[in-house]
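Visitor: I have some questions about the words used for this structure. Could you show it first and then go through them with me?

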Number of protein chains: 2
Amino acid sequence: MPVTAAFDRPYDLASFSGAIAGIPVIAEPLQVRLKSRDFFWYSPLLKDALGDKQAELVVCPRDEADVVRVAAAAARFRVPITPRGGGTGNYGQAVPLAGGIVLDMTGLDAIERVEPGVIRVQAGAIMENIDTALRPAGWEQRMHPSTKRTATIGGFVAGGSGGIGSITYGGLRELGNVLAARIVTAEPEPRVLELRDADALAINHAYGTTGIITALEMPLAPLWPWLDLVVATDSFAQAVHLGYRAALADGIVKKLLTPLAWPVPGYFRHFKSEFPAGRSCLIAMIAEPSLASFKAVVAAEGGEITYCAPTPEGSGARPLYECTWNHTTLHALKVDRRITYLQALYPADRLEASVSEIATQFGEELEPHLEFIRFGGRVTASGLHLIHYSTPERLNEILALHEARGVSIANPHVFTLEDGTRHKRADADQLGFKHRVDPLGLLNPGKMRSFVPAGR
Amino acid sequence: MPVTAAFDRPYDLASFSGAIAGIPVIAEPLQVRLKSRDFFWYSPLLKDALGDKQAELVVCPRDEADVVRVAAAAARFRVPITPRGGGTGNYGQAVPLAGGIVLDMTGLDAIERVEPGVIRVQAGAIMENIDTALRPAGWEQRMHPSTKRTATIGGFVAGGSGGIGSITYGGLRELGNVLAARIVTAEPEPRVLELRDADALAINHAYGTTGIITALEMPLAPLWPWLDLVVATDSFAQAVHLGYRAALADGIVKKLLTPLAWPVPGYFRHFKSEFPAGRSCLIAMIAEPSLASFKAVVAAEGGEITYCAPTPEGSGARPLYECTWNHTTLHALKVDRRITYLQALYPADRLEASVSEIATQFGEELEPHLEFIRFGGRVTASGLHLIHYSTPERLNEILALHEARGVSIANPHVFTLEDGTRHKRADADQLGFKHRVDPLGLLNPGKMRSFVPAGR
């Protein structure tokens, strides 16, 4: 791991601890170890690479002033900082590669203000709690991960790309989906910066390497009464075709369209009756007033609705979105520990043909799972197919075979920003921005591989 | 006009009038003539073809029971019925080709009910009044024509295709954009039918030939505070590119994106200061919370915002949407009576190249005007270019040259449904449906050219 070695520098934790006296910390080894992990173990490769990585201390700021004190002390004593929200990421975003501290941001969870169409919220707020607070005013977040009940908004923006809602609003990187971010720089005298509009892209999906996010201004969507639906189909291709038609139907208000090939629905132990054995399906979230129109699509394409009920809210609820996106993989892993997954982006201009090629190329080794999304203003699909894992070589071969067919891969089996992107390089703006806000390279060191501190 | 001749049959207006005694009528010749016209005179060809067409009587039903009585009497005495809303169409939709009566539907203007996301409203309600009634509850219509202040919802659905709002929701034909229609059949014993979802397509853009629409169930959009904007650009291509980027930006909530080539903005006499002389522009309606994101697109593309203010409401207001869609043509006609227009649909997969080809092919004869829309789930543009008219032959040549370049034409210089469509044929479902609801061919006779009553 040469990238880690570059950050394998001495730091003075004792002096750091003294400098932040009064700010809550966690030093108990098991707790520190738990807070040093996320869901990277979805990947057998990351499991090997990251299994032994951990911080020495967890620091739990209560407000932005605490974050500033932590950043100042860390800069002074050269202590690496790995910011962490709910720890629901899948790429080791929140795993410290070079020791130091994990900065647990969940104490900063206040909603600062709600205006029509806009919320200003602290980075550590749980996304479920945000939606609960918004609901009485008739608003909701535009999109959320399948881990909405435990993920923080800061973690989603820093480590995610999109999710439930992206079929309407596109991903987090689309202009307008993150209105502003407030960050603390990692310097002896930290600055607090407000990044607006295009400037806020500097912190999006940067794993916290480009500043410690303390607050976000996020756009809202008008709240709809959502329905969870399962449509059983005779084939995966039929589920894809049906979902694609619904995805393209701009008159239908929707939040989720997830085609799954059998046996994937069989992994959902808590949802047995909704998913008929042996059948592929489409999971959908449709606004109640659009139900009749969605049913017309289902009828025209020969699907069978086997489940339809309001999306449940609150503790104990089992919303169907917890069978989609990266939760699908989690359910499969609970049944078969040898399963892993990939993340592919299909070409919008030949979507169904491309999906069909991939779905038939690998036999039982690949179990197809799509998520319809908007990407760059066009409807397309992300593939989060399940893979029956054999060797690292074969896994990488599968990824390469996708790319050879024109399907982009965002590799979830690597832990650096560069290796994980479709373009295999750092965002140039983010790299440049990092020099301004983290000149010593203390923020989540090793994740932005191409960054080298100026003085070294 | 052979198509008219087919309906040039004797009818007994005196007996019809006796049979509908008690229902208000207008017989005063000037009023009858005015109510027999719409905005067909945008087209010099339709001006010649339809200038002398008119009804003998205008009948003004007060409720659905009146409509049923009129339909029964008309069937009994073979009187042609041309339903009419606000008379804001441009293709002679409301012009009677075979005399008979104009059925003025504006008396049926009640809002029957508003539910979250859905309104049930009588066909003759003015669309401006519908939005005014919806606003306090936080809803608005998904789309409306530029004539919202005078158009009826029934006329829009029966004679229109889309408009302001179609950049988000697509056109009226998209599944989910008309939830249900209630119609009265033209038979001696009229039936009242409720058409839902896909079945409601039978009355969409059929000019009232497939039943007399008395009520509609329409989906609603959450109300946003809208801003009117003008962005001045250095070229038309720049306005198109900027508008296209905004159209594709799913994170920006928008209702209208209208690129106009200079000298088109020069025709807006009431809006001089907003439109700098000599410059092409983009007119936009953007939701207030998305303004900063839209400004970021404008800045990135080098446009200059010359006007930005809340979309005005109420009498005396001058919303910018009254410079767009078919209102653009109206403003131009007020300056130069030789101007006419066309309606083109550009291919989504090579939009900018295709627009550029057309914009440069005709020199000053064609002044470009686009409307960005979603069509079949894809962002594309409708062209409503202004044409400096010379001869019918040249006009038809211009249309043919569009089609030769792969740009579809919905010809606004013909008055039959078939000739006006991109496919030059009647909708097969509508044609079949007409046999069931208007077996005698009394509804707006001559407009569905391919219909021949079964008994003849």
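Visitor: What makes B:Gly155 partly exposed?

Guide: This is a predicted model, and the values I give are computed from it. B:Gly155 has a relative accessible area of 31%. Buried means under 20% and exposed means over 50%. The value for B:Gly155 lies in between, so B:Gly155 is called partly exposed.

Visitor: Where is B:Gly155 found, and which residues does it touch?

Guide: B:Gly155 is in helix α7 of chain B, residues 153-159. Leaving aside residues up to four places away in sequence, B:Gly155 touches B:Ala123 and B:Gly160. The C-alpha atoms of B:Gly155 and B:Ala239 are separated by 32 Å, and these two residues are 84 apart along the chain.

Visitor: Why does B:Ser290 count as buried?

Guide: The relative accessibility of B:Ser290 is 3%. The cut-off for buried is under 20%, so B:Ser290 counts as buried. B:Ser290 sits in the loop between β13 and α10 of chain B. Not counting residues up to four places away in sequence, B:Ser290 touches A:Arg142 as well as B:Gly251, B:Ile252 and B:Val253.

Visitor: Which residues of α10(B) are buried?

Guide: They are B:Leu291, B:Ser293, B:Phe294, B:Ala296, B:Val297, B:Val298 and B:Glu301. What covers them includes β11 (226-233), α9, β12 (254-260), β13 (280-287) and β14 (304-310) of chain B. Just after α10(B), B:Gly302 takes a positive phi of about 80°.

Visitor: What makes A:Glu64 and A:Arg182 a salt bridge?

Guide: Their side chains meet with N to O at 2.6 Å. The rule asks for a side-chain nitrogen of Lys or Arg within 4 Å of a carboxyl oxygen of Asp or Glu. The pair of A:Glu64 and A:Arg182 meets that rule, so it is called a salt bridge.

Visitor: Why is this pair said to tie parts together?

Guide: A:Glu64 lies in helix α5 (residues 64-77) of chain A, and A:Arg182 lies in strand β8 (residues 180-184) of chain A, so the pair ties together parts that are 118 residues apart in sequence. A:Glu64 counts as buried at 18% relative accessibility, while A:Arg182 counts as partly exposed at 29%.

Visitor: How do you know that B:Asp427 and B:Arg173 meet in a salt bridge?

Guide: The N to O value for their side chains is 3.2 Å. The cut-off is within 4 Å, so B:Asp427 and B:Arg173 count as a salt bridge. B:Asp427 is in the loop between α14 (417-420) and α15 (428-437) of chain B, and B:Arg173 is in the loop between α8 and β8 (180-184) of chain B, 254 residues apart. B:Asp427 counts as partly exposed at 27% relative accessibility, and B:Arg173 counts as partly exposed at 41%.

Visitor: How many salt bridges does the structure hold over all chains?

Guide: There are 54. Another of them joins B:Glu357 and B:Arg350, with the closest N and O atoms 2.5 Å apart. There is also a network of salt bridges, and its members include A:Glu112, A:Arg113 and A:Glu115.

Visitor: How many salt bridges does the rule find across the interface of chain B and chain A?

Guide: The rule finds 0 salt bridges there, and 6 residue pairs in polar contact. By class, the side of chain B that touches chain A has 18 nonpolar, 10 polar and 6 charged residues.

Visitor: How many residues of chain B are in contact with chain A, and what area is buried between them?

Guide: 34 residues of chain B are in contact with 34 residues of chain A. The area buried between the two chains is about 2400 Å², and carbon and sulfur atoms give 58% of it. B:Leu175, B:Trp224 and B:Asp250 supply 23% of the area that chain B buries against chain A, more than any other three residues.

Visitor: Why are the two copies said to be related as by a two-fold rotation axis?

Guide: A rotation of 180° with 0.0 Å of shift along its axis superposes chain B on chain A, with an RMSD of 0.0 Å. The two copies are therefore related as by a two-fold rotation axis. The same surface serves both copies, since 100% of the contact residues of chain B recur in chain A.

Notes. Residues numbered from 1 in each chain as written. Chains lettered and ligands numbered in written order. Predicted model: local features only at pLDDT ≥ 70, side-chain atom pairs only at ≥ 80, totals over all residues. Heavy atoms only, no water. Contact = heavy atoms within 4.5 Å. Buried area = accessible area lost by both parts, 1.4 Å probe. Polar contact = N/O pair within 3.5 Å; in protein donor to acceptor, adjacent residues only side chain to side chain. Nonpolar A, V, L, I, M, F, W, Y, C, P; charged D, E, K, R; others polar. Least-squares fit on C-alpha atoms with pLDDT ≥ 70 in both. Buried < 20%, exposed > 50% of the residue type's maximum accessible area, 1.4 Å probe, protein only. Helix = DSSP H or I, 4+ residues; strand = E, 2+ residues; numbered from the N terminus.
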